[in-house]
Each structure stands twice: as C-alpha cells, then as structure tokens.
Amino acid sequence: MGISSATWPLFGLVWPSGLQLAAEVAARGLKPGERVLEIGCGLALASMVAHRHGADVTASDCHPLASSFLKANLRLNGLGPMKYRHGNWGSLLLPQARNSESLLRTVVGCYDFIIGSDILYERDDEALLSLFIQRHASPAAEVWVVDPDRSNRAAFNRQMAGQGFSVSERRLDRIAMPGLPAYKGRLLAYRRG
C-alpha cells in the first residue's frame, strides 16, 4: 500500500488533533444531509461525530486497516454504516486490494465540508493535498484542518490560496486538566474567495 513499516505503529491511536477536530465539528453544527469528507481519517472520530449529527459522511484514509477499524468503531458506538473510501492524495496509481477482486474504491464527488487533522506532517512541494481538496470541494465548500503547529502550515496556506481559498486561523491551545492533556495547535479554516 506504499506505507512504510516504520509508520505502522502510528495507526490505531486517537491523536490529540483528532480529538480537537471532533470537538470543533460537534460545536459547529451540521445540516442533515450535508456532504462531509474527512481526509486522513485514521480512527475517524470526527467522521463519527458528523455521522451522529446526521451529515452524509465519507471517511477516507490511505491506511489498509482504516476501513475495518471504522466498521468496528461504528458498531461499538451504536452507529449505522458510513461510507469509507481510499483517499491517498499522494498517489495517482492505486494498488489492487489483496482481499478484493477489484481496485480500491477511491474518493469521488464533491463535498460541502472537508475536514482533516494532523495531515500536514510531510512536505508537499507538489501541492498534492491542496489539489486533492480542490478536486473534491464543492463551489461553496468549507475546509477545516486542525494542525498541531507543524512547520508545513505556511506552505499549505499558500497552496490553498493558489486554489482560490482564503484562510482564517484560530488557536486551539488548551492547558492540561484532570483527564484532559494539554494541546497546542490551531484550526485552519478555508473558504473560497
């Protein structure tokens, strides 16, 4: 699947930025039927929050276990089925699924609300992530990325501006409290225009 074995232990964890994104999505409010795409969903916590609020959600990731973890998490949380698609913005060629006769089902269509957390962890000199977002954003789409102050944020903001998106940033810093760890990061909110 093109995923280095060195990064295998990084999957299957609830990441602090994922918790922040889920809380922000819950506070935003969603319209029933609003089309939501989570990119790099991991365990898909924010997707499940949007799904519980009645949005039409598609979770996506490039990790081969994301789909099976999502199905288990939906069942454990008493939620009905939710769409999952393979979403690898860094590759145009998709490998064949080992346990399937067909190619992986990839992200298709346009979405009203595109979300992601901690997805700016690698340099993206070719702007593949912003191109992926552009391809799947409806004309009035809103895009939210929760970023734990990684160094690639400024370059990503420029790439999104090149796709016609303006950005507003809001700090999400939280001090540690009993049962809640400290967090440093920000919500990057993009809109066209």
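Let us walk through this structure together, from its overall layout to a few single residues.

What you see is a predicted model, in which local features need pLDDT of at least 70 and side-chain atom pairs count only at pLDDT 80 or more, while totals for chains, interfaces and linings use all residues. Residues are numbered from 1 along each chain as its sequence is written, and side-chain values use heavy atoms, leaving out hydrogens and water.

Start with the layout. The chain has five helices and seven strands; helices (H or I, at least four residues) and strands (E, at least two) are DSSP runs, numbered from the N terminus. Read from that end, the order is α-β-α-β-α-β-β-α-β-α-β-β. Of the contacts (heavy atoms within 4.5 Å) with a separation of 6 or more, 67% are between residues 24 or more positions apart.

Now look inside. Of the 193 residues, 44% are buried. Buried means under 20% relative accessible area, exposed means over 50%, and partly exposed lies in between, with a 1.4 Å probe and protein chains only. The largest nonpolar core has 28 residues, and V25, L70 and I115 have the most contacts inside it. A nonpolar core is a set of buried Ala, Val, Leu, Ile, Met, Phe, Trp, Tyr and Cys residues joined through side-chain atoms within 4.5 Å. Among the elements giving two or more residues to this core are α1, α3 (66-76) and β4 (111-117), but α2 gives the most, with four residues. Apart from this core lies another, of 20 residues, including L37, I119, L188 and Y190.

Which residues does L70 touch, not counting those up to four places away in sequence? They are A44, M48, A59, M82, K83 and Y84.

Next, find D147 in strand β5. D147 is buried, with a relative accessible area of 0%. Leaving aside neighbours within four places in sequence, D147 is in contact with L120, R153, Y183, G185, R186 and L188.

What about the cysteines? A disulfide is a covalent bond between the sulfur atoms of two cysteines. A search of the whole structure for disulfides (cysteine sulfur atoms within 2.5 Å) finds zero. C41 is buried, with a relative accessible area of 7%, whereas C110 is partly exposed, at 37%.

Finally, visit helix α1 (residues 16-28), where L19 is found. L19 is partly exposed, with a relative accessible area of 41%.
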